[in-house]
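Hi everyone, thanks for coming.

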Amino acid sequence: MSTPRTTRGAAGDRLLRRRAATAGFHLSAGLLSLLWLLPVILVLVTATRSFDDIAAHGLGGLPHSFTLDGFGQAWSEGGQQRALINSLLVTIPTLLLSLLLASMAAFALSRYDVPGRRTLLLLMLGGNLLPPQILLIPVSKLSEILGLYDTLYALIGVQVGFGVGFYVFVLHGFMRAIPPEIQQAAVIDGAGAGQIYWRIILPLAKPALAALSALSFTWIFNDLLWAITVLRTDSHMPITASLIGLQGEYVSMWNVIAAGSVIAAAPTVIVFLRFQRHFVAGLNLGAVK
């Protein structure tokens with residue numbers, strides 16, 4: 001039979017092991033976070049150094065200067081301003097149009113008995129599993145036939161076409177989990193399909209829409225493959241493709257190249273931080289469902 005002192009000793013040992021495990025976890029997580037942030041920190045430090053400092057002390061040396069001239073060169077002389085505008089002109093309309101079409105399709109497929117809806121969902125999902133590399137030439141030729149080659153409209157069309165299927169598949173799962181009694185009550189009150197979609201289903205699907213908005217903005221804004229496939233003129237290139245030209249123009253000026261990378265990454269970071277709460281809520285809601 002164990003004594004109270006022995007019981008207290010065993011409890012103390014368990015508490016010490018639990019604290020040691022917690023401390024080990026936080027230490028490991030902190031080291032992994034620092035390792036993940038190290039390239040980001042290096043890019044930020046390089047972007048704020050002068051060219052003479054980098055040339056004298058090396059790219060990996062300690063900084064001996066602080067200047068924002070690299071951002072100015074990348075923004076104006078490097079064409080990042082024009083490229084950023086092009087990226088936003090493609091990303092924002094693509095995002096709005098894709099989510100609008102996907103939410104309408106998901107609403108019809110999830111709330112109504114559409115013939116062959118399972119086949120349609122499988123086709124949409126299968127289209128996203130198709131490697132985009134095998135479609136580069138057909139998409140390029142099709143944009144030329146339609147007279148859209150080397151225009152932002154071609155890039156918008158490609159992004160919408162290849163993104164809607166995945167968005168429909170995700171939104172279908174959220175909308176299907178909404179209790180049918182809510183829709184039945186709205187029908188009894190005289191609401192039509194449009195009112196049910198706009199006033200009931202869309203507000204309830206807000207977490208899913210917010211999560212998809214953050215993801216799709218990142219995917220579309222950071223896309224490079226389709227941009228160099230359907231665009232040719234430098235003045236039409238988005239910011240990801242513009243970074244290639246920036247690296248070619250400023251071969252040895254690493255501060256300008258790093259500054260251009262920071263400018264290109266800033267919009268996606270801002271969007272993620274803005275939608276972080278909705279993004280996490282959407283993921284948790286999907287896990288529960």
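So, here's one to start with: does Asp 150 count as buried or exposed? Keep in mind that this is a predicted model. Okay, Asp 150 has a relative accessibility of 10%, and the cut-off for buried is under 20%, so Asp 150 counts as buried. As for where to find it, look at the loop between helix H6, residues 136-145, and helix H7, residues 152-176.

There's something else about this residue. Most residues other than glycine have a negative phi. Asp 150 isn't a glycine, yet its phi is positive, about 65°.

Now stay in that loop, because Leu 146 sits between H6 and H7 too, and its relative accessible area of 56% makes Leu 146 exposed.

Let's jump to another part of the chain. Ile 257 is 111 residues away from Leu 146 along the chain, and their C-alpha atoms are 36 Å apart. Ile 257 belongs to H13, and it's one of the residues there that meet H12.

How do those two helices pack? H12 covers residues 239-249 and H13 covers residues 254-274; the angle is about 180°, and the axes are 10 Å apart. That angle means H12 is roughly antiparallel to H13.

And who's touching whom? On the H12 side you've got Ile 239, Leu 243, Leu 246 and Gln 247, while the H13 side includes Val 256, Gly 260 and Ala 264. Sorted by class, this contact has seven nonpolar residues, three polar ones and no charged ones.

Key. Residues numbered from 1 in each chain as written. Predicted model: local features only at pLDDT ≥ 70, side-chain atom pairs only at ≥ 80, totals over all residues. Heavy atoms only, no water. Helix = DSSP H or I, 4+ residues; strand = E, 2+ residues; numbered from the N terminus. Buried < 20%, exposed > 50% of the residue type's maximum accessible area, 1.4 Å probe, protein only. Axes fitted to C-alpha atoms, helices over the stretch in contact; angles between N-to-C directions. Parallel < 35°, antiparallel > 145°, perpendicular 65-115°, else oblique. Contact = heavy atoms within 4.5 Å. Nonpolar A, V, L, I, M, F, W, Y, C, P; charged D, E, K, R; others polar.
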